[in-house]
Amino acid sequence: WEQSGDDYDYLFKVVLIGDSGVGKSQLLSRFTRNTFSLDSKSTIGVEFATRTIQVPFFLCSALLCLVDPQNLLSGTRQVEGKTIKAQIWDTAGQERYRAITSAYYRGAVGALLVYDVTKAATFQNARRWLKELRDHADDAHTVVMLVGNKTDLAHLRAVARGDAAVFAEREGLAFVETSALDATNVDTAFQTALAEMYRAVS
Ligand code: GDP
Ligand code: MG
């Protein structure tokens, strides 16, 4: 757990978008508090939650590592040395009425576009969410991570991984499947997205 107070190099606003019920709030609580609830009503409607991370080691340039092998041993701080505070915004259910305001998107450098792998309609709606995001985004380079959530419900799967991968590739999105319930890939989803954002601004 890499929380480190208010000492950071970058503050990134990240927005969660996608249909109601896909697991946005549970992904947020899994990533920022390592908790999960099966009862969505028990979710406290927070505006945003934060977590501070180090940019992953793999971002270290191969050259730097070659020049000074000590960099390989001393880890992230020595090589890239960047601490990113993610301020992740969640909706309070407005997505049900497609009533998300432009204030929600304002200043976002990235988005996690979430669908439910057991509900095909939520994947079909991803295209609309992407359009909404791009209509509101401050610049065209907003990093978007497509997230297929609820992989723990394997017997109910309705969206093939390959179909989502093709869509992501075509739209230039990163893509990962997650389970907020069993925590699979939740850190990966956020950390990969944050690393992309860091690359986009640095
Ligand atoms: P939101 O409307 O997108 O914020 O969705 P919620 O986070 O409120 O989740 C909606 C429902 O799906 C809740 O009952 C959650 O417990 C459940 N849920 C969320 N993520 C998962 C998951 O990864 N697996 C399973 N099985 N259920 C999940
Ligand atoms: Mg929610």
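1. Start with Ala193. Leaving aside residues up to four places away in sequence, Ala193 touches Val14, Gly110, Leu112, Val143, Met145 and Ala174. Keep in mind that this is a predicted model.

2. Ala193 also turns up in the largest nonpolar core, which has 47 residues. The ones with the most contacts inside that core are Val14, Val15, Leu112, Leu113, Met145, Ala193 and Leu194. Which element gives the largest share of this core? Helix α9 does, with 8 residues. As background, nonpolar side chains tend to be buried together in soluble globular proteins.

3. Now the overall inventory. The protein chain comes to 9 helices and 6 strands. It has 202 residues, of which 34% count as buried. Looking at contacts with a separation of 6 or more, 76% are between residues 24 or more positions apart.

4. The strands make an open sheet of 6, in the order β2-β3-β1-β4-β5-β6, and the pairing is mixed. At the edges sit β2 (48-54) and β6 (174-177), each pairing on one side only. On average, neighbouring strands here are turned by 25 degrees against each other, ignoring direction.

5. Two helices to look at against that sheet. Helix α8 (residues 161-171) packs on it, touching β5 and β6, and the direction of α8 makes about 160 degrees with that of β6. Helix α9 packs on the sheet too, touching β1, β2, β3 (83-89), β4, β5 and β6; its direction makes about 170 degrees with that of β5.

6. On to strand β4: how many of its residues are buried? The count is 7 of the 7 in residues 110-116, so β4 is largely enclosed by the rest of the structure. Side chains in a regular strand alternate between the two faces of the sheet, and here both faces are covered. Gly110, Leu112, Val114 and Asp116 are buried on one side, with Ala111, Leu113 and Tyr115 buried on the other.

7. The neighbours of β4 are worth a click. Strand β1 (residues 10-17) runs parallel to β4, joined to it by 4 bridges, and Ile17 has Leu113 as its bridge partner in β4. Strand β5 (residues 143-149) is also parallel to β4, with 7 bridges between them. In that pairing Leu113 stands opposite Leu146, while Ala111 stands opposite Val144.

8. Lys13 stands opposite Gln87 of β3. In which sense do β2 and β3 pair, parallel or antiparallel? They are antiparallel, over 7 bridges, and Gln87 in β3 is the bridge partner of Thr50.

9. Helix α1 deserves a look of its own. It is mostly covered, with 8 of its 10 residues buried. Just after the helix, Asn34 takes a positive phi of about 55 degrees.

10. How do α1 and α9 meet? Helix α1 (residues 24-33) packs against α9 (residues 186-201) at an angle of about 85 degrees, and their axes are 9 Å apart. That makes the two helices roughly perpendicular. In the contact, Leu27, Arg30 and Phe31 of α1 meet Val186, Asp187 and Phe190 of α9. By type, these residues are 4 nonpolar, 2 charged and no polar.

11. Last one: His141, in the loop between α7 (126-136) and β5. Is His141 buried or exposed? His141 counts as exposed, because there are 11 C-beta neighbours inside 10 Å and the cut-off for exposed is 12 or fewer. The C-alpha atoms of His141 and Gly110 are separated by 8.6 Å, although the two residues are 31 residues apart along the chain. Gly110 takes you back to point 1, as one of the residues that Ala193 touches.

Methods
Residues numbered from 1 in each chain as written. Chains lettered and ligands numbered in written order. Predicted model: local features only at pLDDT ≥ 70, side-chain atom pairs only at ≥ 80, totals over all residues. Buried ≥ 20, exposed ≤ 12 C-beta atoms within 10 Å, placed from the backbone. Pairing = 2+ DSSP bridges. Axes fitted to C-alpha atoms, helices over the stretch in contact; angles between N-to-C directions. Parallel < 35°, antiparallel > 145°, perpendicular 65-115°, else oblique. Contact = placed C-beta atoms within 7 Å. Nonpolar A, V, L, I, M, F, W, Y, C, P; charged D, E, K, R; others polar. Core = buried A, V, L, I, M, F, W, Y, C linked by C-beta atoms within 7 Å.
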